[in-house]
Structure formats: structure tokens, C-alpha cells
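Please open the structure in your viewer and keep the sequence beside it.

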Amino acid sequence: MLLKTCSIAATLLLLAPLAACNGPQPAGNVATANVDSPVVATPSPTPTPSTTPVAKDEASPHSAARQCRFEVDGKTLLDGRCQVYPMGDGGYTLNTWSAGKPTQSHFAVVTTRADGKADATWNADPDDDKAMDPLGTVTLQDGCWVNDRARICAR
């Protein structure tokens, strides 16, 4: 016990000059430690298990070649293999430019909603690299996202 008390006292004496750096000290004040007081150890708190789900360490999603069909206003813009980037919960980007700009460069983005429907956008200008043109709300029918204007399929 004496060794523990001496170690604490020595530590406090070494830290006293550091405490003096934090503000002005009146002359004549000397930091001292009470070496006669008992040292009481307190247990470390027990960690509480987290209830937050932890994502598995999986590779991030990436584009994959799929059979695609993309129609807007009755015109077929894409019918064949294309790169599809999954966005989770059933949404995806159809005909991505991840391997460079494709020959048929229109693409669509399908963003799913909690109600089971999705919002679809596309690049009306084939040279535009952002899908900022709205296609409206689409519903899933026979594996394709469809509405009165569009049909977006990736199989």
C-alpha cells in the first residue's frame, strides 16, 4: 500500500507544474499531495452491448451485365445487354456508364419507395451524364418498372 501511495504522490508532484501552465498562480502556492489519504479503486464500468446492427463486411455492389430493355413514350431506347448498378431495396441504375459511355447511351435510375412503388428518372439527352429528367412513379410488373410513359427492365 505504501508503494501505491508513493507512486500516486510522485505522479501528482510531477503533474503540478503542468497545472500551473493552465492559469496564473499566486506566489507562494505549492501543489502538494496528501500521501496519508487512502486510495480507493473504483471498478471500470461494464460495457453495454450495442443494439445497432452492424453491416457485414461484404464487397460494395458493382455493375453487372444484365439483359435490359428501356422504353420511353413508345420508343425502344435499349434492348440488349447493359450494365446495371444495384442501389439496394430493388432500385438500380440501368445502362450505367461504369465501363465508359455505351453506344446506346440513354440510362434510367429507379429509386424504390417504402410503398412498393418507385420513382424513375432518365437522361433525355443521350450525351447528358445525369438522369435529371423525370419519368414519374413506376410500379413493378413482370420484373419491369412501368408506367404510362416508361418500361425499365433488367433481368
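Select cysteine 82 to begin; in this predicted model, cysteine 82 has a relative accessible area of 5%. Because that value is under the cut-off of 20%, the residue counts as buried.

A disulfide is a covalent bond between the sulfur atoms of two cysteines. Cysteine 68 belongs to strand β1 (residues 64-72) and cysteine 82 to strand β2 (residues 75-88), so the bond ties together parts separated by 14 residues in sequence. Look next along the S-S bond of cysteine 68 and cysteine 82: the torsion is about -80 degrees, and therefore this disulfide is left-handed.

How many disulfides are there by the count? The count comes to 2. To see the other bond, select cysteine 144 and cysteine 153, whose sulfur atoms are 2.0 Å apart in a disulfide. The link of cysteine 144 and cysteine 153 is right-handed, with 115 degrees about the S-S bond. Is cysteine 144 buried or exposed? Cysteine 144 is buried, because its relative accessible area is 0%, a value under 20%. Cysteine 153 also counts as buried, at 4% relative accessibility. When the bonded cysteines are counted along the chain, the disulfides follow the pattern 1-2, 3-4.

Leucine 94 is the next selection; this residue is found in strand β3. Leucine 94 is buried, with a relative accessible area of 0%.

From leucine 94, move to the strand pairs. Strand β3 (residues 91-94) is joined to strand β4 (residues 108-112) by 3 bridges, and the two run antiparallel. Within this pair, select threonine 93 and find its bridge partner in β4, valine 109.

Continue from β4 to β5, which pair in the antiparallel sense over 5 bridges. Here valine 110 stands opposite alanine 120 of β5. The hairpin of β4 and β5 has 5 residues between the strands, and glycine 116 in this hairpin takes a positive phi near 90 degrees.

Which residues of strand β5 (residues 118-122) form its covered face? Select Ala118, Ala120 and Trp122 to see that face, then Asp119 and Thr121 to see the uncovered one. On the way to strand β6 (residues 133-141), β5 again takes part in an antiparallel pair with 5 bridges. In this pair, threonine 121 has proline 134 in β6 as its bridge partner.

Finally, select every strand from β1 to β8. The 8 strands make a closed barrel that runs β1-β2-β3-β4-β5-β6-β7-β8, with antiparallel pairing. From one strand to the next, the twist averages 30 degrees.

Terms used: Residues are numbered from 1 along each chain as its sequence is written. This is a predicted model: local features need pLDDT of at least 70, side-chain atom pairs count only at pLDDT 80 or more; totals for chains, interfaces and linings use all residues. Side-chain values use heavy atoms; hydrogens and water are left out. Two strands pair if DSSP finds at least two bridges between them. Helices (H or I, at least four residues) and strands (E, at least two) are DSSP runs, numbered from the N terminus. Axes are lines fitted to C-alpha atoms, for helices over the stretch in contact, and angles run from 0 to 180 degrees between N-to-C directions. A disulfide is a pair of cysteine sulfur atoms within 2.5 Å. Buried means under 20% relative accessible area, exposed over 50%, partly exposed in between (1.4 Å probe, protein chains only).
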